[in-house]
Amino acid sequence: METSKPSRGYQKTLLQVAKGLLCDSVPFWFMRQAGRYLPEYRELRKKAGGFLEMVYNPERASEVTMQPIRRYSMSGAILFSDILVIPHALGQEVRFESGEGPKLDPIRSHDDFSKLKNEDIDQTLSPIYQTLREVSSKLQSEKFDDTALIGFAGSPWTVACYMVEGGGSKQFSHVKNWAYNNPETFQKLIDRVSAATIHYLDQQILNGVEIIQLFDSWVGILDQENFDRWVIEPTKEIISAIKSKHPEISVIGFPREAGSKMIDYVQKTGISVLGVDYAQNPSWVAQNLPHEIPIQGNLDPTYLLDGGAEMERAAQNLLEQFQRRPFIFNLGHGVIKETKPESVEKLCQIIREAK
């Protein structure tokens, strides 16, 4: 595989690599790169009220999206939002409680579908589309010419986990019981979420998004049979629908804790890029995943808490493991809130100096 020359329509390095090309530099962005570790975010959050109020305020959400770009000039600016805007747009009560994470009014059977609405989800989501237009404009006006705008959504299985459990969970007993023992009605929930997700992503692209990530945070709790049904099949449906309308758009799949099942995930879903969590051995990934599939990941964000020699060693190891294949440097999970901005700057410099 030869180093690429920028081609018309895919000049940005992140987009080039997502297409399977090698470039002279390593593109990078970090999950939760906009967030509580940044003093400018904390200052804006004081004025914003609740989390969802911030997400649905285009002026503030676009500023938060841009904050890490102005500091670090990352290759990707990911929309400041949350995967739970989909159940919220479907009419489920969603709230974020400080120190406790998201809380939802749970849906645990087909009878509970009455809690969902049939109105146009854009009634809720339209401010997010405005945020994307504003971020796209700011990237251009502020001359971040090599920074791609990243959109995202939660994959149906993970979104359904929150919808059914009413928040995070250790056992996920409610959602697994429904999916395993009454799959016909659970399929209707997955279909509802999938249809909303396809529409949402389509609108993101129409409003400026250049590449998409699908977050599937809870795939590690499923056995192979249910992984195939509730992860692979809905993901394949979403990607097929997006590609039919926007064939130029690359999709990053992030099946957290999939382990060896990520081989099937890559082969069957149609994803463009595989996002890898920090628990996965990078040498295993390099040896077992098709060489033509771009890899994204997977530094443990805990290294950034110190930001010293061990972080540099771990980052260099990743860069060496994937130096001969298309690679997007990222963390294997989000930036931890106690991280010092200086540690992030140091990591960015290490990546920029890589060849």
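Guide: Two strands count as paired here if DSSP finds at least two bridges between them. With that in hand, take the sheet. This is a predicted model. As a general rule, strands of a sheet pair through backbone hydrogen bonds, either parallel or antiparallel.

Now step inside, to β5 and β6. Strand β5 covers residues 211-216 and β6 covers residues 250-255. They pair in the parallel sense, over six bridges. Glutamine 213 faces isoleucine 252 in β6. Leucine 214 stands opposite glycine 253, also in β6.

Stay on β6. Six of its six residues are buried, and the strand is mostly covered. In a regular strand, side chains alternate between the two faces of the sheet. Read β6 with that in mind. Ser250, Ile252 and Phe254 point one way. Val251, Gly253 and Pro255 point the other way. Both sets are buried. Buried here means under 20% relative accessible area.

Move along to β7 and β8. Strand β7 (residues 273-275) pairs with β8 in the parallel sense, over two bridges. Glycine 275 is set opposite glutamine 296 in β8. Strand β8 spans residues 295-299, and five of its five residues are buried, so the rest of the structure largely encloses it.

Next, the helices. Start with α6, residues 122-141, which holds threonine 131. At 1% relative accessibility, threonine 131 counts as buried. What does threonine 131 contact, leaving aside its neighbours within four places in sequence? The partners are Val55, Asn57, Pro58, Ala61, Ser62 and Leu79.

Then α2, residues 39-48. Tyr41, Leu44 and Ala48 are buried in this helix. They lie on the same side of α2, because they cover an arc of only 70° around the axis. On the other side of α2, Lys46 and Lys47 are exposed. The cover over the buried residues of α2 includes α3 (51-55) and α4 (58-72). Glycine 49 follows α2, and its phi is positive, near 85°.

Last, step back to the whole chain. The protein chain has 15 helices and nine strands. Of its 355 residues, 57% count as buried. A compact globule with 355 residues would have a radius of gyration near 20 Å; the protein chain has 19 Å, so the two agree. Taken along the principal axes, the C-alpha atoms fill a box of roughly 55 × 45 × 40 Å. Consider contacts with a separation of 6 or more: residues 24 or more positions apart account for 72% of them. The accessible surface comes to about 15000 Å², and 45% of that belongs to carbon and sulfur atoms.

Note on methods
Residues are numbered from 1 along each chain as its sequence is written. This is a predicted model: local features need pLDDT of at least 70, side-chain atom pairs count only at pLDDT 80 or more; totals for chains, interfaces and linings use all residues. Side-chain values use heavy atoms; hydrogens and water are left out. Helices (H or I, at least four residues) and strands (E, at least two) are DSSP runs, numbered from the N terminus. Buried means under 20% relative accessible area, exposed over 50%, partly exposed in between (1.4 Å probe, protein chains only). The arc is that of the directions from the helix axis to the C-beta atoms. Contact means heavy atoms within 4.5 Å. The radius of gyration is taken over C-alpha atoms; the globule rule is 2.2 Å times the number of residues to the power 0.38. Accessible areas come from the Shrake-Rupley method with a 1.4 Å probe; for residues, only the protein chains shown count as cover.
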